[in-house]
Amino acid sequence: MLNKIISKCKVSTLTHNYYTNCADIPKNDWNAITGDNDKCIFYSLAYLKIVEETLAENIEFKYILFYKKNTPVAFAITQLFKFNSDQLKLHEFPCKWSDSVKNKLISNIDVSILTCGNLFACGEYGFKYNKEHIDATIAFEGLSNALRELRQSENDNKPSFILLKEFWPKSFSESDQIKSYDFREFEIDVNMVLQLENWTTFEDYLASLRTKFRTRVKSVLKKSASLIVKEFSAQDIENYKNDISNLYSSVLKNSDFKIGEQNITTFKNLRATFSNDFIFKGYFLNEKLIAFSTAFLFDGILEANHIGIDYNYNKSHAVYQRMLYDYVHIAINKKVKELRLGRTAEIIKSTVGAKPVNMKLYVRHRNSISNTLLKPLIELISPSDYEIRNPFKIQQA
């Protein structure tokens, strides 16, 4: 029964169980925490099962269920992964670090990190608690103790860091509770988010833009007019898996920072399982697949996810910019409240209308002395500088 419960212990007023396989998680207990109104795909056992099955070769997954007496009140999703210095382009790090910080940390880059969150999505997808049963103080006390116990349970290659990622500003007053347990906070690059107005068509969106930016859209659409955009089925993903893999790899090679890689089988299984709630679009030029985009649709949100591009065509056919406008088009058609475009490329995303939202992470070193030394280093981390544009005639709130 190695894959079932591996521990149960007392944590404050809570008890918690660990699971190494999401198939062993009590479904009713897990779903009782999310509730009927929470439609977040990233919390669903169906999503976790797909990610676990397709990525377990490089990432170790564990799940924690918390109980108050016999009532399930919270869960945590964790991944243990090895971080290698080859995954960093230190001269183009996504957060501005001084050279001294880079030099001090480079010797510690090749370590294992226990993450509470989702390595493949940007947002609060690692910890959920029922606020009707427990408050933030109890919830984050339980989380801290459970994560530290989980780190200690690793017999080989104990994680050097515990990382909690990423929290939205509306949650800071709650998530800051974790700082009482020697976790250090720091901000990362902003998430670019477009709040959708009362647009019913893409033409309504265009009409809300200032002339300069409306002209920009028309230029992008003209450059990309020869592209054929196709909605991919699971079978299409299978048929084009080699091309998709190459396109995805080309984007990763241009990334400043990467933690693991999605398996193309993950895309296929997500499409088969979530149907229209996982959107996969292929971009063809003269019958050749030159790009793809993915997005998740849930709870009034369209969340842009992974993309792949053949950069030989990006400038001449405005591929990436076309993708951004297509995301806006999808968001309007799906009648969502907001479009989350993720981190990086702040300027170009702001020309679409997205605005920066600060996000916060928390980190703790396994050694108390090293954790104390970590504080001044963390304080030197700041998000990358960026500029934003306002494309709208009337400034959005």
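Modeller: S293 has a relative accessibility of 5%, so it counts as buried. The model is a predicted one.

Colleague: Which cut-off makes S293 buried?

Modeller: Buried means under 20% relative accessible area, and S293 is at 5%.

Colleague: Which strand is S293 in?

Modeller: S293 is part of β12, the strand covering residues 288-298.

Colleague: What is S293 in contact with, leaving aside neighbours within four places in sequence?

Modeller: With those left aside, S293 contacts I279, F280, K281 and Y283, and also H306, I307, M323 and Y327.

Colleague: What about the chain as a whole, how many helices and strands?

Modeller: There are 13 helices and 16 strands in the chain.

Colleague: And what share of the residues counts as buried?

Modeller: 53% of the 397 residues. The accessible surface of the chain is about 18700 Å², and carbon and sulfur atoms account for 47% of that.

Colleague: What share of the contacts joins residues at least 24 apart?

Modeller: That share is 76%, taken among contacts in the chain between residues at least 6 apart in sequence.

Colleague: Switching to helix packing. At what angle do α2 and α10 pack?

Modeller: About 155°, and their axes are 9 Å apart. Helix α2 spans residues 45-55, and helix α10 spans residues 264-274.

Colleague: Parallel or antiparallel?

Modeller: Angles over 145 degrees count as roughly antiparallel, so α2 and α10 are roughly antiparallel to each other. The crossing of α2 past α10 is right-handed.

Colleague: Which residues make that contact?

Modeller: From α2, A46, Y47, I50, T54 and L55. From α10, T265, T266, N269, L270, T273 and F274.

Colleague: How many of them are nonpolar, polar or charged?

Modeller: In the contact of α2 with α10, six residues are nonpolar, five are polar and no residue is charged.

Colleague: Now α7 and α11, what is the crossing angle there?

Modeller: Roughly 115°, with the axes coming within 9 Å. Helix α7 is residues 211-223, and helix α11 is residues 319-333.

Colleague: Left-handed or right-handed?

Modeller: The crossing of α7 past α11 is left-handed.

Colleague: Which residues are involved?

Modeller: On α7 the contact uses R216, V217, V220 and L221, and on α11 it uses Q321, R322 and Y325.

Colleague: And by class, what does the contact of α7 with α11 have?

Modeller: Four nonpolar residues, one polar and two charged.

Technical notes
Residues are numbered from 1 along each chain as its sequence is written. This is a predicted model: local features need pLDDT of at least 70, side-chain atom pairs count only at pLDDT 80 or more; totals for chains, interfaces and linings use all residues. Side-chain values use heavy atoms; hydrogens and water are left out. Axes are lines fitted to C-alpha atoms, for helices over the stretch in contact, and angles run from 0 to 180 degrees between N-to-C directions. Helices (H or I, at least four residues) and strands (E, at least two) are DSSP runs, numbered from the N terminus. Angles under 35 degrees count as roughly parallel, over 145 as roughly antiparallel, 65 to 115 as roughly perpendicular and the rest as oblique. A crossing is left-handed if the near helix is turned anticlockwise from the far one by less than a right angle, and right-handed if clockwise. Contact means heavy atoms within 4.5 Å. Ala, Val, Leu, Ile, Met, Phe, Trp, Tyr, Cys and Pro count as nonpolar, Asp, Glu, Lys and Arg as charged, and the others, Gly among them, as polar. Buried means under 20% relative accessible area, exposed over 50%, partly exposed in between (1.4 Å probe, protein chains only). Accessible areas come from the Shrake-Rupley method with a 1.4 Å probe; for residues, only the protein chains shown count as cover.
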